[in-house]
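Here is a short briefing to read alongside the model. Have a look at the sequence and the fold, then follow the notes below.

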Amino acid sequence: KSANPQWREQFDFHYFSDRKDMLDIEVWRKDNKKHEELLGTCQVDITALPMKQTNCLELPLEKRPASLLMLIAVSPCTGVSISDLCVCPLGDPSERQQISQRYSIKNSFRDIKDIGFLQVKVLKAVDLLAADFAGKSDPFCVLELGNDSLQTHTVYKNLNPEWNKVFTFPIKDIHDVLEVTVFDEDGDKPPDFLGKVAIPLLSV
């Protein structure tokens with residue numbers, strides 16, 4: 001019940017410089033659990049923002065006499081990667097040795113914020129639900145850890161997709177839970193949910 005809401009929430013997104021994605025923002029209002037209305041949209045061209053500084057932006061919402069105030073900081077992405085299974089970042093024995101030394105007991109207090117990292121190999125899914133009329137699905141997999149989110153490519157018309165991707169996340173909180181969700185790509189419509197598993201880091 002406010003025309004001037006303050007959210008004061010922070011979200012982290014991984015933006016890879018070889019992509020030209022726009023940051024799309026939508027503002028919605030909710031009357032009750034059943035009724036929602038889109039109040040306005042706006043876009044931010046990330047490539048146009050200067051690096052390594054916090055940018056204060058007042059963004060007008062399309063077709064509305066309203067604006068959205070945001071702070072956006074673009075900084076180099078560290079500790080996050082997506083690679084194919086054949087070039088797994090920890091496949092090199094010498095690299096594994098360097099990692100072991102980096103996180104050895106004697107180096108525990110060298111960088112308090114560097115808790116460690118999580119490497120996830122997403123191989124395949126088996127016997128997924130058919131979301132299309134043709135008895136197939138177009139599945140892709142989304143991995144979320146804290147506010148970090150990475151996803152695989154889509155394998156079209158397949159109930160037993162193989163992704164064979166390796167994802168590396170920096171760990172910010174040892175109590176976080178890795179959530180792995182499989183969706184069916186549905187063109188311009190929101191993707192259909194096919195399944196999910198949650199893995200607490202402390203169980204690994």
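**A tyrosine in a loop**

Tyrosine 156 sits in the loop that links β8 (148-151) to β9 (162-170); strands (E, at least two residues) and helices (H or I, at least four) are DSSP runs numbered from the N terminus. This is a predicted model, where local features need pLDDT of at least 70 and side-chain atom pairs count only at pLDDT 80 or more, while totals for chains, interfaces and linings use all residues. Residues are numbered from 1 along each chain as its sequence is written, and side-chain values use heavy atoms, with hydrogens and water left out.

**Around tyrosine 156**

- Leaving aside residues up to four places away in sequence, tyrosine 156 touches Ser137, Asp138 and Glu185, where contact means heavy atoms within 4.5 Å.
- The side chains of tyrosine 156 and glutamate 185 make a polar contact at 2.9 Å. Such a contact is a pair of N or O atoms within 3.5 Å; within protein, one must be able to donate a hydrogen and the other to accept it, and residues adjacent in sequence count only if both atoms are side-chain atoms.
- From tyrosine 156 to alanine 3, 153 residues apart along the chain, the C-alpha separation is 43 Å.

**Overall fold**

- The protein has one helix and 11 strands, and their order from the N terminus is β-β-β-β-β-α-β-β-β-β-β-β.
- Its C-alpha trace spans about 60 × 50 × 30 Å along the principal axes.
- In an unreviewed entry, UniProt places the feature "domain: C2" at residues 1-59 and 93-204; the positions follow the numbering used here, feature names are shortened, and annotations may be inferred rather than shown by experiment.
- Residues 93-204 are 9% helix and 45% strand, with their end C-alpha atoms 21 Å apart.

- The protein divides into domain 1 (1-77) and domain 2 (81-203), with bounds from an automatic or database domain assignment.
- Five residues from domain 1 and six residues from domain 2 take part in the contact.
- The C-alpha centres of domain 1 and domain 2 are 26 Å apart.
- About 460 Å² is buried between domain 1 and domain 2, with carbon and sulfur atoms giving 51%; this is the accessible area (1.4 Å probe) that two parts lose on being put together, summed over both.
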